[in-house]
Amino acid sequence: MIKKARAVNIYVGDQQRALDFYTEKLGFEVRADDTSMPGIRWIEVAPPGADTTLILFTPPGLEERIGTWSPIVFDSDDIDATYAELRDKGVEFSQPLEMQPWGMKMAQFKDPDGNEFVLVQY
């Protein structure tokens, strides 16, 4: 029986730039940074304490997926503070923090490759 999602992929153009963004700007921790396979760097990051990791990797031939909208939604326990902190760190928001008609605050931000993510507080 499936218990959880272990990992999701984020298509990136520059793995080091992506690693720096996710760790320095978003505060994620490095779970794996493996170069044991020739020509491949496998990087996994995650928010502290999270079960699911983000894989910062683009397989050859899938470069057109870099910089697209992502179906990943990040949850925050204090969205106002998180939004302010990320904005102050230079994270680009494509949609500012706003109350949505369904009663939830939401914002949308981009990583350095232009991949877009949703930030909410449930």
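Me: Leaving aside neighbours within four places in sequence, which residues is Ser-76 in contact with?

Reply: Contact means heavy atoms within 4.5 Å. By that test, Ser-76 touches Thr-82, Leu-119, Val-120 and Gln-121, once neighbours within four places are set aside. A word on the basis: this is a predicted model, where local features need pLDDT of at least 70 and side-chain atom pairs count only at pLDDT 80 or more, while totals for chains, interfaces and linings use all residues. Residues are numbered from 1 along each chain as its sequence is written, and side-chain values use heavy atoms, with hydrogens and water left out.

Me: Where does Ser-76 lie, by secondary structure?

Reply: Elements here are DSSP runs: helices are H or I with at least four residues, strands are E with at least two, and numbering starts from the N terminus. Ser-76 sits in the loop that joins strand S5 (69-75) to helix H2 (79-88).

Me: Is Ser-76 buried or exposed?

Reply: Buried means under 20% relative accessible area, exposed over 50%, and partly exposed in between (1.4 Å probe, protein chains only). Ser-76 has 8%, so it is buried.

Me: Which backbone nitrogens lie by the polar side-chain atom of Ser-76?

Reply: A polar contact is a pair of N or O atoms within 3.5 Å; within protein, one must be able to donate a hydrogen and the other to accept it, and residues adjacent in sequence count only if both atoms are side-chain atoms. For Ser-76, the backbone nitrogen of Asp-78 is 3.1 Å from a polar side-chain atom. The backbone nitrogen of Ile-79 is 3.4 Å from one.

Me: Now the sheet. In what order do the 4 strands stand?

Reply: Strands of a sheet pair through backbone hydrogen bonds, either parallel or antiparallel. Two strands count as paired if DSSP finds at least two bridges between them. Here the order is S1-S4-S3-S2, in an open sheet with mixed pairing. Strands S1 (7-10) and S2 (29-34) each have a single partner, so one side of each has no neighbour in the sheet. On average, neighbouring strands are turned by 25° against each other, direction ignored. The axes are lines fitted to C-alpha atoms, for helices over the stretch in contact, and angles run from 0 to 180 degrees between N-to-C directions.

Me: How many bridges join S1 to S4?

Reply: There are 4, and the two strands run parallel. Within this pair, Val-8 stands opposite Leu-54.

Me: How many salt bridges does a search of the whole structure find?

Reply: Side chains of opposite charge can pair when their charged atoms come close. The criterion is a side-chain nitrogen of Lys or Arg within 4 Å of a carboxyl oxygen of Asp or Glu. The search finds 8. One of them joins Lys-4 and Asp-51 at 4.0 Å, N to O. Lys-4 is in the segment before S1 and Asp-51 in the loop between S3 (42-46) and S4, so the pair ties together parts 47 residues apart in sequence. Asp-51 is exposed, at 51%.

Me: Which parts of the chain does the pair Arg-17 and Asp-113 link?

Reply: Their side chains form a salt bridge at 2.5 Å, N to O. Arg-17 belongs to helix H1 (residues 15-25), and Asp-113 to the loop between S7 (105-110) and S8 (116-120), 96 residues apart. Arg-17 is partly exposed at 37%. Asp-113 counts as buried at 14%.

Me: What is the make-up of the chain as a whole?

Reply: The chain has 2 helices and 8 strands. Of its 122 residues, 36% count as buried.
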